[in-house]
Amino acid sequence: MKILFVTDSSSDVPRELIEGKPVVVVPSKIIVSGKEYRDFHDLTHEKYWEILKTTPEVPTTAAASPGDYLDVYRKARDDGYTHICVTQISSTASATMNNALIARKMLEEEGVTDMTIEVIDTLNYTMTYGHTVLEGIEMADKGFSFDKIVERMRELCHKAEVVFSVFTLKYLRRTGRASGMAAFAGELLGIRPVMLGGRGEVKPVSKVRGDKNVVDGIVEYVKKRKNSAETYMSILYSDISKEVVAKLEYLLERNFGLKNLPKYKLGAAITSHTGPFAVGVVFYT
């Protein structure tokens, strides 16, 4: 048994954590001012944050095509892989997962029947499912069966949530996730939404007033929401100050007893909507 893990660039899995591992990151495409980039491969997170801050238009994204996935599957077979576990951004947010399934069917129609491909609808976003890829790799290294690995990854994907907020409503207004009038009034009053992502949806769940209360609002909602014995947590952030990240880490440590929390940068899939000034926490319910 030789296992390959395939994920899309929206998972935000850091390059340094998968270097030399059996992982393929299939990029979505990002179009800015007529120029096309491959997420993860052509753009660092930092470069994309700068694009968001300097371009007046809203960048557009396109999911990887069935052909992109078919190429990955074919190469995996040529390289001797017998099993592939595919994890994608929520099917409610993108056609990516469906395209991975179409590619699997196309491979079967080519007569390839000696390779097992499991496609997981994570119903999730960014490192809420990116973390499960790292878990899967670790389990494979320990010799767990493919079925056990897939079972555990599905479980984690469907238990994971992210609570996050932004430090300006400008970008939510630009992408239509906040009406112009509401965003204008909210900006004047310093209102910052606290949002929950998971199980196929992103929705506002509370709000705070003033940037200085953003981190407290996130932590308070995590305290209300978390009810799982799973202890894992991580911090997600974009172009914000180190002091904000440090405060969030301190409050999570004080409230949940967790130290040395992993910290990951938010990529294009999330920051295209939130803008480059966002912070959040991944945890399990």
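Author: Helices (H or I, at least four residues) and strands (E, at least two) are DSSP runs, numbered from the N terminus, and two strands pair if DSSP finds at least two bridges between them. The model is predicted: local features need pLDDT of at least 70, side-chain atom pairs count only at pLDDT 80 or more, and totals for chains, interfaces and linings use all residues. Residues are numbered from 1 along each chain as its sequence is written, and side-chain values use heavy atoms, with hydrogens and water left out.

Reader: What order do the strands have in the open sheet of 3 strands?

Author: The order is 4-3-5, and the pairing is antiparallel. Strand 4 (35-38) and strand 5 (60-62) are at the edges; each has a single partner strand, so one side of each lacks a neighbour in the sheet.

Reader: How many bridges join strand 3 to strand 5?

Author: Strand 3 (residues 29-32) is joined to strand 5 by 3 bridges. Lys-29 has Ala-62 in strand 5 as its bridge partner.

Reader: And which order does the open sheet of 4 strands have?

Author: That sheet has the order 2-1-6-7 with parallel pairing. Its edge strands, strand 2 (23-26) and strand 7 (116-121), each pair on one side only.

Reader: Which residue in strand 6 is the bridge partner of Phe-5?

Author: The partner is Cys-85. Strand 1 (residues 3-8) and strand 6 (residues 83-88) pair over 5 bridges in the parallel sense.

Reader: Which strands does helix 6 touch?

Author: Helix 6 (residues 146-159) packs on the sheet and touches strand 1, strand 6 and strand 7, where contact means heavy atoms within 4.5 Å.

Notes
Axes are lines fitted to C-alpha atoms, for helices over the stretch in contact, and angles run from 0 to 180 degrees between N-to-C directions.
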